[in-house]
Each structure stands twice: as C-alpha cells, then as structure tokens.
Amino acid sequence: MSNTIVSLSPHAKGPLSTEKVMWGVVIALLPSFAFSAYFFGIRAIVVTLVATIACILTEFVIQKYLMRTTVTAFDGSAAITGILLAFNVPSSIPIWQMVLGAVFAIAIGKMVFGGLGRNPFNPALLGRAFMLASFPVDMTTWPIPVKTQWLWEMGKKVDGTTAATPLGFFKEGIKMGGSMGDLVAQRPELYDYFNLFIGNVGGCIGEVSSFAILLGGIYLLYKKIITWHIPVFYLGGLALITGIFWWMEPAKYADPLFHLFAGGAMLGAWFMATDMVTSPMTVKGQILFAVCGGLLCGLIRLFGAFPEGCSYSILIMNAFVPLIDKYIKPTRFGKEVNYG
Amino acid sequence: MNLKTFRIGGVHPPENKLSAGVPIEAAALPKRAFIHLGQHLGAPAKPVVQKGDKVRVGTLIGTGEGFISAAVHSSVSGTVFAIDAVVDASGYKRPAVIIDVEGDEWEPAIDRSLELKKEITLDKKAIVDRLKEAGIVGLGGATFPAHVKYMVPEGKKVDTLIINAVECEPYLTSDHRVMLERADEVLVGTRILMTALGVERAVIGIEANKPDAIEILSRKAQDHPGITVQALKVQYPQGAEKQLIKAILNREVPSGKLPLDVGCVVNNVGTAVAVYEAVQKNKPLFERVVTLTGKKIPKKANFLVRVGTPITQLIDACGGAPEGTAKFINGGPMMGKAMVNTDIPVTKGTSGVILVDESEAKRNAPGDCIRCAKCVAACPMGLEPYLIEKQAEYALWEDAEKEDAADCMECGCCQFTCPAARPLLDNIRLAKATVMRIRRERSKK
C-alpha cells in the first residue's frame, strides 16, 4: 500500500495528447505533401524539409539556450509551422529565404510570446507575410507543375518555369479590361475545375491540390482533432461574397466554385484557420471568426492589391480572437431557462 | 430506438463494464463493522448507542440531526466496541460506531421473506416518515437524504418522478445488476415514490448500453400504469441530475435551483429498491450493492455488502489486489475518490471500488494549454474550463464568479478531454469553493 496514488478525480484520461494532436495534423498534411512532390518535383520536398527542420531547430535553440526552459520543440507544433510555411511558398523559393522565413515564423511568430499556446497570430502565416514583404519577387514567381522531377534532374532548368496562378491570371486580366469569357477562352486549363481540384495548376507548394487537402481535413475530423465549423464556415463566407459579385456581374468575376478550389483557400480553411492556438474557444466564436475570415478573403481577392487574400484574412481575424473570446460565451446550462 | 440525451457538452470514456455479467452475491459479514454516522449529505447523525450496547441488524444507532440529515442503523448484530473517528473515503477521520460482530440476528420487525409485496398501503405522509426512519439516502453517490426530496414545499408543483438508472460512470455495474435481478422491486419502489409525490408519471432513464435492463423493465413496467422506460444515449454525464432532466423532459434546472423548481424529483434506481424494502418490508437502509472491479483483478464482483464492511475484505474476497495496483477508487473513475487505504468501510454512498493498475493510475505531466477548445466543447454546464482555470491560478475570484465557476458540478469532462493534461478541475474546484465562500460572506453582511 506504500505506493498508492491519491489524486483528485477524474481518474480516467481521454485519448488525446498534445503530441497526438500535433503529429495528427502532420499526418493530415501528408497527402498534400505527396501531391506537391508529384506536381513540383523533388524541390518541393527539399523546401518542405528545410522549413520543417529550421523551425524545429529554432524552437529548440530558443527553448534550450535563451528561455532555458523545458524543451518541447519535438512535440510536433514546430513541425506543423514548418510544413505549413513551406506549403505557402512557391517551390522555386531560394533555400536561404526559406530558412530565414522559418526562423522568423518561430522566433517572432511564436517564441517571443512565450511559446506554444501563447502566440496571437498563426506563426506560419506570419512567416509567410514576412517573406512576401521581404522577397516579393521570389514569393510570386510560380513554377508550373512539371510532373515528377527527380533528384537527378534537379540541376536542370525546366523550360517555362514561371506561370501565372489561376487567381493571379484572372485578376490581372480583369484589371487590363478583359472579360471572364475571353480570359477563360485564352487559358482554359486555369479555369478547369478538375485541374484545380487535383492541383495541376501553378501555386504554392501545398495549396494547389484541394483534393489532397480535403483528404487531410477528413482525417482531422475523423480523429476529432478539429471540428467542422471553421472550415465549412470559412469556405461558406468566401463562397457567399464571391457568389454575390459573380451573380451581379459574371463577366467580371469568377464563380464561387473557382474561388473555393483556386489559391490557398482550402489550405487556409482546413489547416490555418483551424489552428487551435489562434482561433476562438467557443463554437459560436469560431463561426463568427470563420465567416468573417471567408468574407475578408473574398474581398481581398476581388478588390485588394494581391490576387490572394487567404493568409491576410486569417491573420486579421487572429487579431480579433481575444475580443471574440471575451464577448462570445458558450450557452450556459440553466441560464436561458426553459420551464418546458 | 429513440435515444434521448442532453444537449451541450459530454464525453464518452471507455465503458469498461467488466462486471456487468456477474450476478449479485452477498459479501461475508465483517468481524468488526465501522459504521459512519455521517454517511449522507448534511449534518451527521447523533449516536444513540454507547460502548457495550448490544445491537441487532437494523437497530437504530444514530438519529438524524436537523433538516438535512439521515438516520443510521446497525448493519450487523453484536456489541458496540467504541464510538470513534474512522477514516472515510474522503480521507478525513469522521465519527463512526464500531461494532464487534456476533452472529447475524435481525430486528424482528424486519420482514425477511422474499415474497414481492405489491400493495401500497401507506399514504403520502406515512411513506415520507418511513423513509426518514429507515435512513434512506440517494444511493447514486450524492447520498442526499431521500425524505427531504419528498417533502415538497408549498407552492411547488411536481408532475414527474425520474428514476436515474443511467449509471454513466465507466466500470460501475451495481445499478445494472439491481435492475436485472430486482426489477419488480424497482417498479414497486418507483410506485411508492410516485405515491409519496402524488404524481401520475414516472420515467426510468437507462443508458442504451444496458439493453437487457431496458428490455426487462419495459416489459414489467406494462403492469405499472404511469411508469415508462426511456433509453438514453451513452454519453457521460448522462446520469447527472440536471443533464438527466434535460434529456428526458427537456427542462433546464436554473443555475442554483433544484429539480423541484422544474417540477420533478430524481432518485437513483438503487434507492427505489431501498424504498421498497423500507416501506414494504420495514427494512432500514444498512446494505447496498457494491461493484468490485478492475482490469487486472482476477474476479470481478457485484457484492451485496453490509454498510461498515472494510473494503479490504471485498478485495480479498476477489483474490486480493493484483501486483502493481496503484490506485483504489471509491466510486467511478470520473467522479470517484482515490482512497488513502483500503481499510475504509463501505458506506451508503459506495457504489463501487475500482482497482487501477499503475500503468493507468498516474496523471500525465501537464503541458501548456494549446487552446484546442475541447474543454469548452465538453463542459455539460456550458462553462469555459480553460478560463476558470487561469482565473484560479491568478486568484481572480470575482472574474471566476462572473464566469459561473460555482455552477461547475465537477463531472471531470474538461480534464478528461484535455490533450495537454491540464489540472483543469483541480483549479476549478478551488475557484468554485472560493466563490461559494465569498458569496456566503457577502450574504452575512
């Protein structure tokens, strides 16, 4: 009886742990990783690995030598930041820029606030914003999907390495005074739902294949790591705003289905907006956060300076999370009384 | 089947009902019984026996003191050895009557025949008096004195009696076995309680993981007008009073109010049997069914145990605690208490004893909150556990009060679900206790 444990209830433990949650997200990102490797070749793999390792190392060094605290760099959260950051850049990004972005994402995006659970903004998106501001040309030069380019082909320059992303092409075209009909006739492959769904278009490493992202999303739902509210309402908000403008002027605006599958909306909705640390705590708050995020993303895409607005929409909504959590409370039991 | 459930929160821990197939068996009499005088919610009973007194099974040894209190009866026959402080399940020493057991001689007034007595002859008031005399308390775990529930104050209207046969705690099977083996007594007991309340309707709520109990009670309930059986979704804490009322009647007990305020009274299914015995057989409450279980213990059992029997004796009857047992839980794994030792006696509130292996007994080391929002989603009271935990950590008691920390019922869903293994409930308990204390002080001024 000497080694009997006496502790307060509950004595049962749920199935999840922080590590399981984090590595679960990493597993959910693997389909996208595989698709990006298929479309953008070995370079996509290298960039992703570099970003991941840089993020983990940065967190390790800061925890061990600056904060001198328990090292939790290997719990998977830094790996997620690294993978997501890499998924948000073109595969042709210079490696040193990738490393710089990764260090920024972890050091400034996460550790200055105290580490896991304390950062107000999604570190990967903050890293991307930093890279976009610092290296605007490299961050917006898109390699065309080249099918598989293997290690021994790495040295070769692939012809026509730059291409427009679907969002970028149509935005520029409209700005130049073109109509949607003409532009689609010009580059039908960029408005092909199948290409967009599978990922056979230009874009960032991990964002192109909506199909792969949905696979990962379903895995997250199945493992009960996320709930459906944020992705569904985010995409709903985006579809709503783009749908309204498309309905008013279909010659000038792309249809909502295109907006859902093009660019980073899918990746953002399933993996960035659902980031636990930077999203609201209540379901009602999450819905507000997601709908506003989706609307903002649509507005930036339609009227902003950039063709893509997903990452900024989420970053802006991240800033509202403390406010949302302060004012939007769950329905308390026994407060809105129903006497039957 | 139409399964009802409560609306917000809840978790589904592994059910582990390992002893569900084991029939109830009478445990051996102890050599010495330790009968606590405070086995119920409220003021402890006042002892009415002295050292050296001879008692029989069913002899009154303590009378209820004050409005919320209950009588205590001897569960054995023999000589009072002492009235002394004995450690109870909460780890505190509390007054108890210690009796040296000699034979098994029952009070002659108790009807020991097995014949089912269906006819209810007593009226409302006589039933409530009988419950009080027999020391009946809620056997679900809260041990609220039963007679108090049935003294409905003027102006309150009760229309439904709910019999709580949910048994939502993992492992525990005592209520399940009682329903299977004593279904007739459950139903007659329910009818007695309906008479005491003057209601025409009673609903027995059972979780869907006990289909045999649902079947047998539904079938037999056909002979008892007004009694229906409601199957409920397997979801913890389905058996929490407020959640059960919400599930069955879709009525929400307001914060700080009682089931009475929404027109119902809830009693545990084991209590219904105790009520039957008290009213029809003149038998006070001195024994109950206790589940003894654990993943590693060779024999799992549902014992009919005399109150005051040391738990060690039950464990020994099952082959002793297996090597590596590191925790002994009195009650269920979600709300039960880890005991400091196993010499603690069984009380009216002991629904089960769970032996936990060292591989499962330790808590995980807490990590940083990752704001996953699972605690908020799991809280059946609609609270924000992560927030109250922080407020307790920084001693922000007024903020904790505004966040309704006092509404927490300590079901443990938040801490169960937390991936970072935060000690959420520990801190919320602190907040709750402090908020209640502040409120008491405020009302004194």
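Okay, let's start inside chain B: B:Ile329 sits opposite B:Ile354 in β17(B). Before going on, a word on the model: it is predicted, so local features need pLDDT of at least 70, side-chain atom pairs count only at pLDDT 80 or more, and totals for chains, interfaces and linings use all residues. Residues are numbered from 1 along each chain as its sequence is written, while chains are lettered from A and ligands numbered from 1 in the order in which they are written.

Back to that pair. B:Ile329 also stands opposite B:Ala338 in β16(B). When I say strand or helix, I mean DSSP runs numbered from the N terminus, with at least two residues (E) for a strand and at least four (H or I) for a helix. Strands pair if DSSP finds at least two bridges between them.

Of the six residues in β15 (325-330) of chain B, five are buried. Buried here means 20 or more other C-beta atoms within 10 Å of the residue's own; 12 or fewer is exposed, in between is partly exposed, and C-beta atoms are placed from the backbone.

Zooming out, the open sheet has six strands in chain B, ordered β1-β14-β13-β17-β15-β16, with mixed pairing. β1 (24-26) and β16 (337-338) of chain B are at the edges with a single partner strand each, so one side of each has no neighbour in the sheet. β1(B) runs parallel to β14 (residues 301-306) of chain B, joined by three bridges, and there B:Ile24 stands opposite B:Asn302.

Now for another strand, β9 of chain B, residues 160-165. Six of its six residues are buried, so the rest of the structure largely encloses it. B:Thr160, B:Ile162 and B:Asn164 point one way, and B:Leu161, B:Ile163 and B:Ala165 the other. B:Ile163 stands opposite B:Ile204 in β10(B), and B:Ile162 has B:Val266 in β12(B) as its bridge partner.

Remember B:Ile204. Which residues have the most contacts inside the largest nonpolar core? B:Ile204, B:Val275 and B:Leu314, in a core of 238 residues. By nonpolar core I mean buried Ala, Val, Leu, Ile, Met, Phe, Trp, Tyr and Cys residues joined through C-beta atoms within 7 Å.

The biggest giver to this core is α1(A), with nine residues. A:Gly41 follows α1(A), with a positive phi near 80°.

Last, the chain contact: 35 residues come from chain A and 54 residues from chain B, where contact means C-beta atoms, placed from the backbone, within 7 Å. That's my tour.

Key. Contact = placed C-beta atoms within 7 Å.
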